[in-house]
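Welcome! Take a look at it, then read on.

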Amino acid sequence: MDVKLGELPTWILMWDFTPKGMAGVLQKGYYWGNIAGISMVLAIYMLFNYCLSYKELKHERLCKYC
């Protein structure tokens, strides 16, 4: 887990963003059972919800003073 700042983009691109890969990450977080696992599951859940509502959030940001 020693990732240098310059290697961060390539390290993130190596992740598996398929539904099967995301399910595996959630499963690992559930089985760890400590605060790191729980926070990982919550972070993925928040990212997933943000991606689902991005279109509405973008529209709201653009029409704030409409």
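In what order do the elements of the protein run from the N terminus on? They run α-α-α-α, and the secondary structure comes to four helices and zero strands. Please keep in mind that this is a predicted model.

**Overall surface**
- The protein has 66 residues, and buried residues make up 5% of them.

**A nonpolar patch and leucine 5**
- Val3, Leu5, Leu8, Ile12, Trp15 and Phe17 make a nonpolar surface patch of about 570 Å².
- Leucine 5, one of the residues in this patch, is found in the segment before helix 1, which spans 8–13.
- Is leucine 5 buried or exposed? Leucine 5 counts as exposed because its relative accessibility is 73%, and the cut-off for exposed is over 50%.

- Aspartate 16 sits in the loop between helix 1 and helix 2, the latter covering 19–32.
- With a relative accessibility of 41%, aspartate 16 counts as partly exposed, because that class lies between the under 20% of buried residues and the over 50% of exposed ones.
- The side chains of aspartate 16 and threonine 18 are joined by a polar contact of 2.8 Å.
- Leaving aside residues up to four places away in sequence, aspartate 16 touches Gly21 and Met22.

Note on methods
Residues numbered from 1 in each chain as written. Predicted model: local features only at pLDDT ≥ 70, side-chain atom pairs only at ≥ 80, totals over all residues. Heavy atoms only, no water. Patch = residues over 30% accessible without salt bridge, like charges linked within 9 Å, V, L, I, M, F, W, Y side chains within 5 Å. Areas by Shrake-Rupley, 256 points an atom, 1.4 Å probe, with all protein chains shown as cover. Salt bridge = Lys/Arg side-chain N within 4 Å of Asp/Glu carboxyl O. Helix = DSSP H or I, 4+ residues; strand = E, 2+ residues; numbered from the N terminus. Buried < 20%, exposed > 50% of the residue type's maximum accessible area, 1.4 Å probe, protein only. Contact = heavy atoms within 4.5 Å. Polar contact = N/O pair within 3.5 Å; in protein donor to acceptor, adjacent residues only side chain to side chain.
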